[in-house]
Amino acid sequence: KLVASGSEDQNVKIWDVSTGACLSTLTEHWKRIESVAFSPDGKLVASGSEDQNVKIWDVSTGACLSTLTEHWKRIESVAFSPDGKLVA
């Protein structure tokens, strides 16, 4: 099992719950992370930040797949729809 965390250090981290090991550090935000969410299939993580961006990450590679911009204020919450096709 995996857990994702975001913090004031501007990074999203993916952790292995059983070992406590940090598997990857996702580093493209430039302000504090406000929210993280896994897709229902566990393959993607969405992150929202004070930098006014939502980013979609590939959990297995750590690659940023998409950056959603155009917000005028910080992103306080992100969530995937139950089918994983939408991010809110």
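**Close-up views of a predicted model**

View 1. A disulfide would need the two sulfur atoms within 2.5 Å. Cysteine 64 is likewise in no disulfide, and its nearest cysteine sulfur is that of cysteine 22. The structure holds zero disulfides.

View 2. Buried would mean under 20%.

View 3. Three strands make up an open sheet, in the order 1-2-3, with antiparallel pairing. Strand 1 (2–6) and strand 3 (22–26) are the edges, and each pairs on one side only. From one strand to the next, the twist averages 20°.

**View 4. Strand 2 against strand 3.** Strand 2 covers residues 12–16. Four bridges join strand 2 to strand 3, and the two run antiparallel. Isoleucine 14 has serine 24 in strand 3 as its bridge partner.

**View 5. The largest nonpolar core.** Eight residues form this core: Ala4, Val12, Ile14, Leu26, Ile33, Val45, Trp57 and Val59. Which residues does alanine 4 touch, not counting those up to four places away in sequence? They are Lys13, Ile14, Val36, Phe38 and Val45. A second, separate core has seven residues, among them Ala37, Ile56, Ile75 and Phe80.

Key
Residues are numbered from 1 along each chain as its sequence is written. This is a predicted model: local features need pLDDT of at least 70, side-chain atom pairs count only at pLDDT 80 or more; totals for chains, interfaces and linings use all residues. Side-chain values use heavy atoms; hydrogens and water are left out. A nonpolar core is a set of buried Ala, Val, Leu, Ile, Met, Phe, Trp, Tyr and Cys residues joined through side-chain atoms within 4.5 Å. Buried means under 20% relative accessible area, exposed over 50%, partly exposed in between (1.4 Å probe, protein chains only). Contact means heavy atoms within 4.5 Å. Two strands pair if DSSP finds at least two bridges between them. Axes are lines fitted to C-alpha atoms, for helices over the stretch in contact, and angles run from 0 to 180 degrees between N-to-C directions.
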